[in-house]
Amino acid sequence: MTSKPTLNICFVCLGNICRSPTAHGVFEQLLSDEGVQDLISVDSCGTGDWHIGHAPDPRAVAAARKGGVAIETQQARQLRRADFTAQDLICVMDRQNLTDVRNAAPPSTSAEIRLFRDFVPGNEGAELADPYFGADDGFALTWSQALEAAEALADW
Ligand code: 4NP
């Protein structure tokens with residue numbers, strides 16, 4: 001029997017092809033490992049519209065695969081007004097995302113908007129590394145930061 005999710009979480013970055021699909025995939029995997037995937041709904045999107053409909057960046061796919069998580073079937077979408085009522089928690093990757101999401105939020109929003117790495121004790125206010133314009137090893141750092149934050153969020 002599948003139950004209705006009790007919590008809806010959405011990860012948000014700029015393009016929805018690197019950081020938020022990684023966060024989405026790793027957090028979903030942790031929930032599934034714990035057998036609680038039916039209790040929490042996980043989604044991701046981007047504040048920008050450049051990559052709508054695209055699969056995640058192949059470098060993000062490779063880094064996630066190394067960590068045992070498949071993210072290649074995800075499809076980028078843009079943040080929409082309905083997210084502010086459908087989601088309980090919107091986890092953003094950097095301070096620009098935080099500003100953009102807060103600016104897009106209607107006054108009536110019930111969603112909590114937080115930096116993803118805020119959940120890691122001692123990393124409050126820290127940003128998740130944006131690997132898009134850097135070398136491939138930036139994706140390994142993004143992966144490890146996302147895994148750490150996902151574990152902390154799961155504990156929370
Ligand atoms: P993401 O990375 O926000 O982690 O998906 C980026 C993807 C695309 C761009 C920037 C960052 N871009 O400028 O197109």
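User: How many aromatic pairs does the count come to?
Analyst: Heads up, this is a predicted model, so local features need pLDDT of at least 70 and side-chain atom pairs count only at pLDDT 80 or more, while totals for chains, interfaces and linings use all residues. Residues are numbered from 1 along each chain as its sequence is written, and side-chain values use heavy atoms, leaving out hydrogens and water. Rings of Phe, Tyr and Trp (its six-membered ring) pair if their centres lie within 6.5 Å; planes under 30 degrees apart are stacked, over 60 edge-to-face, and the rest tilted. By that rule, the number of aromatic pairs is 4.

User: Why do phenylalanine 11 and phenylalanine 116 get the label they do?
Analyst: Start with the spacing: the ring centres of phenylalanine 11 and phenylalanine 116 are 5.0 Å apart. Their planes sit at 65°, so the pair is edge-to-face.

User: How many residues apart in the chain are phenylalanine 11 and phenylalanine 116?
Analyst: Helices (H or I, at least four residues) and strands (E, at least two) are DSSP runs, numbered from the N terminus. Phenylalanine 11 belongs to strand E1 (residues 7–13), while phenylalanine 116 is in the loop between strand E4 (112–115) and H5.

User: Are phenylalanine 11 and phenylalanine 116 buried or exposed?
Analyst: Go by relative accessible area: under 20% is buried, over 50% is exposed, and in between is partly exposed (1.4 Å probe, protein chains only). Phenylalanine 11 and phenylalanine 116 are both buried.

User: Which residue pairs with phenylalanine 119?
Analyst: Look for an edge-to-face pair with 5.0 Å centre to centre and 65° between the planes. Phenylalanine 119 lies in the loop between E4 and H5, and its partner is in the segment after H5, 37 residues apart.

User: How many salt bridges does the structure hold?
Analyst: Side chains of opposite charge can pair when their charged atoms come close. A salt bridge needs a side-chain nitrogen of Lys or Arg within 4 Å of a carboxyl oxygen of Asp or Glu. Counted that way, the total is 9.

User: Which residue forms a salt bridge with arginine 59?
Analyst: The closest N and O atoms in this bridge are 2.8 Å apart. Arginine 59 is partly exposed because its relative accessible area is 24%. Its partner is buried, at 9% relative accessibility, and that partner is aspartate 57.

User: How many residues apart in sequence are glutamate 127 and arginine 95?
Analyst: These two form a salt bridge, with 3.9 Å between the closest N and O atoms. Glutamate 127 is partly exposed at 33%, and arginine 95 is partly exposed at 44%. Glutamate 127 lies in the loop between E4 and H5 and arginine 95 in helix H4 (residues 95–104), so the bridge ties together parts whose separation, in residues, is 32.

User: What is the distance between the closest N and O atoms of aspartate 118 and arginine 114?
Analyst: Arginine 114 is partly exposed, since its relative accessibility is 21%. It forms a salt bridge with aspartate 118, and the closest N and O atoms have a separation of 3.8 Å.

User: Which residues are linked in a network of salt bridges?
Analyst: Here you're looking for one network in which salt bridges link the members. Those members are Arg19, Asp94 and Asp130.
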